[in-house]
Amino acid sequence: MEITSARGTALAAQKPAFLDVLGDLWDAQSNPEGIVNLGLAENTLMHAEMMEFVNSNAQFDAHVLTYGDGFSGSHRLKNAICQFLNRYFSPQTALYPCDIAVTSGVSNALECCAWALADPGDYILVGRPYFNAFKTIFGSRPQIGLLEVAFGTTDPFSITAINEYERTYAEAKRKGLQVKALLLCSPHNPLGRCYSDDALKEYMKFCSRNRLHLISDEIYAQSVWGNSRLPDAPTFKSILSFKIEEIIDPRMVHVVWGLSKDYGSTGLRIGCLISKYNRKLLDAVEGISLYNFPSSVADRIASSLLTDDRFLEEYNSTNRSRLAESYQFATRFLQAHNIPYVECNAAFFIWLNLGALTKSRTTTDQDILARLRQEKVYIAPGSIYAAEETGWFRMVFAHPPHVLKEGLSRMIRAVRSD
């Protein structure tokens, strides 16, 4: 007799593979035989600064031990987020606390969009490759499908790429599929680039003429850095900074952001959903806010962080400098070993082609992944990001040089072992 339901059995099969990595992390002194983690999207470059801030601002009162001001963020945090977004995202119209809902992370905020904007069996458009957790976020509980858009040789950041969305959407309509939204990740995960102003406007126009919601995941907004090899590459611009009402019904535009990436705090679990003109959406989020309730302690830490302008300015400047340095360190290694990669200027990833180094044309991503595991280095295969070609991997470079050196050395041993 089964001791779990069919649903429970299906969920057990979705257990993330990287959990084994987290249980055996490499450390030069305490665990030199452990796994070097260059796969998870974490920025460890600024942990010392963040810990100093947290420890020096860890002043709490009994209010954090209660349900506080409700399940969707304290009044203090909502005000702090608005202050931050109004300064760094340059919204066309100032944001107020009533325009946002706070959640326990950006994944949670995206799931709220799935619950409130679509029904089970509906679809959301997303371009390939895309963040692998989107499938879980939209599919596991809300039961929303991802309608994948392939680009072939077309630059996915070009205006021309929107033609591929048009074709995919038209085909979905012919099949009778219900498509409710387009999900845009800007800056992009895993390609590490930003969309131009013109491209973002065209995406809004596309959504407007097809009556689709536009969900803009801007979680890497402050993690854009200088790359001398891409001097003219677009930098981040929030959807909020456009005159949205001149392009699309503003009730159809929603933005998510949080602390996990820009402020190296995946463990704090603070995210937010911004939907200035759609009160019904935010009411729907309030309706399930018990399941999205962020920790009151994390709420207080985030409130202090987002209102400390001096710390933010120093942090952002140093973070961008360190990201650029780590990127240069990693790409010099790749160039020295003739590993093809895609240049970028945002987020923490390098999209690289390890398949190009293997001798056999039949080598799969899983074959390469197995070799990487043998060398005890974790880098995520492109197949889980819906890559259009085999052999591509996403490597996270937002680590100090000694970690990168160890991980890259193991990586090259793995792919050159055949």
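This is a predicted model: local features need pLDDT of at least 70, side-chain atom pairs count only at pLDDT 80 or more; totals for chains, interfaces and linings use all residues.
Helices α3 and α10 are roughly perpendicular to each other, a label given to angles of 65 to 115 degrees, while angles under 35 degrees count as roughly parallel, over 145 as roughly antiparallel, and the rest as oblique. The axes of α3 (residues 47-56) and α10 (residues 296-306) come within 10 Å and cross at roughly 110 degrees. M50, F53 and V54 of α3 make the contact with I301, S304 and L305 of α10, where contact means heavy atoms within 4.5 Å. Sorted by class, this contact has five nonpolar residues, one polar and no charged ones.

Residues are numbered from 1 along each chain as its sequence is written, and side-chain values use heavy atoms, with hydrogens and water left out. Helices (H or I, at least four residues) and strands (E, at least two) are DSSP runs numbered from the N terminus. An axis is a line fitted to C-alpha atoms, for helices over the stretch in contact, and angles run from 0 to 180 degrees between N-to-C directions. Ala, Val, Leu, Ile, Met, Phe, Trp, Tyr, Cys and Pro count as nonpolar, Asp, Glu, Lys and Arg as charged, and the others, Gly among them, as polar.

Let us turn to α11. With 28 residues at 1.5 Å a residue, α11 should span 40 Å, and its end C-alpha atoms are 41 Å apart, which agrees; the expected span is 1.5 Å times one less than the number of residues.

Helix α11 (residues 309-336) and helix α13 (residues 401-415) have axes that come within 11 Å and cross at roughly 25 degrees. The two are therefore roughly parallel. On the α11 side the contact uses S326, F329, A330, F333 and L334, and on the α13 side P401, L404, K405, L408, S409, M411 and I412. Nine of these residues are nonpolar, two polar and one charged.

Helix α4 (residues 75-88) also packs with α11, at an angle of about 50 degrees and with the axes 12 Å apart. That makes α4 oblique to α11. Here Q83, F84, R87 and Y88 in α4 meet D309, L312, E313 and N316 in α11. This contact divides into three nonpolar, two polar and three charged residues.

What follows α11? The next stop is N338, whose phi is positive, near 55 degrees. N338 is not a glycine, and it lies in the loop between α11 and β9 (341-342).

## Two cis peptide bonds

Most residues other than glycine have a negative phi, and most peptide bonds are trans. The bonds below are cis.

| Cis bond | Omega | Place of the proline |

## The annotated stretch

An unreviewed UniProt entry carries the annotation "domain: Aminotransferase class I/classII large" for residues 49-410; UniProt positions are given in the numbering used here, feature names are shortened, and annotations may be inferred rather than shown by experiment. Over residues 49-410 the chain is 37% helix and 14% strand, with end C-alpha atoms 29 Å apart.
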